[in-house]
Amino acid sequence: MIITDNKMLKKIVFIVIILNTFSFFGQIKLSNKATISVLTCGPDNELYSAFGHSAFRITDTANGIDDIYNYGTFDFNAPNFYLNFVKGNLTYQLSKSDFNRFIYIYNYQKRWVKEQQLNLNIEETQAVYNFLEDNVKPQNRDYQYDFFYDNCATKIEQVIKTVLKNKVQFTNAHITSTKTHRDLIEDYTKNHEWGKFGIDLALGSVIDDTATKDDYKFLPDYIFKAFENATIGRNAKIEPLVLNQRDLLSHPVKETSSNFPPIFIFLLLALLIIWVTRRDSKKGKRKKWLDFSIYFITGLIGVVVLLLWFATSHTATYKNFNFLWAFAPNLFVAFYMLKNKLPKWIVTYNFILILGIIATLVLWGFKVQVYNWAIVPILAMLNNHYGHINKYIRLNKAL
C-alpha cells in the first residue's frame with residue numbers, strides 16, 4: 001500500500017514515535033546496585049529433576065527487584081500437550097517469578113542451590129536485563145525444547161553470548177573426560193535404575209557418539225563449571241566472568257535406589273520362564289499363553305521403538321537398534337502362537353529372531369549402541385524360547 005496523503009503519513013509517524021516512547025519508558029532503568037547471577041540447583045528424587053536446574057537471578061534493591069528468569073517451564077494445559085510431548089514437539093518457555101518463592105520451593109524439596117554473581121558493569125547488566133524482559137513477553141517466551149541442545153541449562157550460556165557477544169569467552173579446558181551422552185546421563189541416573197532402563201530402551205545409538213565439550217553443557221553442573229572458568233574482556237583487561245559465588249541452600253544430595261532393580265526382576269523372570277520352557281520341552285509341550293505373551297510384548301516394544309525413531313521429532317531416539325531383539329513383527333506373529341499347530345515358516349522366522357539377538361550383542365561389543373545390562377537375562381530367555389518353539393514344531397510335524 002502506498003500512502004500519498006501527507007496528513008495520514010504524519011499521523012502514522014506520530015503514532016510510531018509515541019509507541020516507541022512508551023516502550024522505552026516501560027523498561028526499568030536499573031541502578032548501579034543491580035546484579036545478575038546464575039543459579040544452579042541440585043537434583044531431586046524424581047527422574048525429571050535428576051539432572052538439576054539452571055536459572056538467572058536479577059536483583060536491584062533500589063528498584064525492589066529480585067526476580068528469577070527460568071527457561072525450564074512448560075504449560076500442561078497447552079493444546080495437544082501430551083500428543084506433542086510424545087511426538088517430540090516440546091514447547092518450553094521462559095518464565096519470570098519472585099526469588100523468595102523460588103528459593104522456598106527448593107528449600108522445601110531439600111535441594112541445594114548455588115549462586116554465581118556475574119562480573120558485569122551497569123551497561124552490561126542493563127543489556128542482559130533488557131534481553132530477558134523482552135524474551136519473557138508472551139510473543140517471545142516460547143522455544144522448541146531439546147533435552148541435549150536447547151534446555152534450561154544451555155539457554156544460560158546462549159543468552160550471555162547473544163547479549164555480550166565477543167566480550168565473553170567460555171573455555172572447555174576444565175573438561176578432561178571423554179564421554180558419550182549416554183555416559184553423562186548415567187552419571188545422574190544411578191539412583192533411578194528403572195528410569196535409566198527406560199532411557200536406554202527409548203534412546204538410540206546417536207547418544208553413544210562421543211560428546212563434544214560443548215555437548216556437556218546440557219547439564220546444569222557443567223554450565224556452572226563453564227561460568228566458573230569463563231572470562232570477560234573489558235578495557236583491554238581479561239577478568240573472570242564470575243565475581244563471586246556462594247551457597248544459597250546446602251542440602252545434601254539424597255541417595256536413593258530401588259529395592260528391586262530391573263536386572264534383578266528380569267533375571268528372576270527369565271530364570272522362571274527358562275525353567276518352565278525346559279520342562280515343557282522335555283514333555284514335548286508348549287504353553288500357548290506364554291508363547292503369545294513373549295511375542296506380543298516384544299513386538300509391542302519394537303513398535304514403540306520404531307515409532308520413536310521414525311514418527312517423532314526426538315533427536316535422541318534415532319538409530320535405536322533395540323528393534324533387533326524387540327522385533328515389531330512379533331506383535332502379529334503372537335496370534336499364530338495361539339494355534340494348536342504352528343506353520344513351519346515359524347522355524348525360519350525364529351532363526352531370524354535369534355540372528356537379531358546375536359546382532360544386538362555384536363553391536364554392543366563394538367559399542368555402536370550400548371544397551372542396559374538388564375536386557376541380558378531377557379536376551380538369554382528369548383534365545384532359549386525361540387529354540388524351544390522350533391524344537392516343538394519339528395517334533396510335531398507342523399503344517
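Helices here are DSSP runs (H or I, at least four residues), numbered from the N terminus. The model is predicted: local features need pLDDT of at least 70, side-chain atom pairs count only at pLDDT 80 or more, and totals for chains, interfaces and linings use all residues. Residues are numbered from 1 along each chain as its sequence is written, and side-chain values use heavy atoms, with hydrogens and water left out.

**Surface patch**

Helix α9 (residues 262-283) gives the most to a nonpolar patch, with 3 residues. The patch is formed by F260, I263, F264, L268, W373 and V376. Nonpolar side chains (Val, Leu, Ile, Met, Phe, Trp, Tyr) are joined within 5 Å, like charges within 9 Å. Accessible areas come from the Shrake-Rupley method with a 1.4 Å probe; for residues, only the protein chains shown count as cover. Together the patch residues have about 620 Å² of accessible area. W373 lies in the loop between α12 (345-365) and α13 (375-395).

**Aromatic pairs**

The structure holds 30 aromatic pairs. Rings of Phe, Tyr and Trp (its six-membered ring) pair if their centres lie within 6.5 Å; planes under 30 degrees apart are stacked, over 60 edge-to-face, the rest tilted. Two edge-to-face pairs follow.

| Pair | Centre to centre | Angle between planes |
|---|---|---|
| F148 and F218 | 4.9 Å | 75 degrees |
| Y216 and Y222 | 5.1 Å | 80 degrees |

F148 and F218 also belong to one aromatic cluster, whose members include F51 and Y188.

Note on methods
Patch = residues over 30% accessible without salt bridge, like charges linked within 9 Å, V, L, I, M, F, W, Y side chains within 5 Å. Salt bridge = Lys/Arg side-chain N within 4 Å of Asp/Glu carboxyl O. Helix = DSSP H or I, 4+ residues; strand = E, 2+ residues; numbered from the N terminus.
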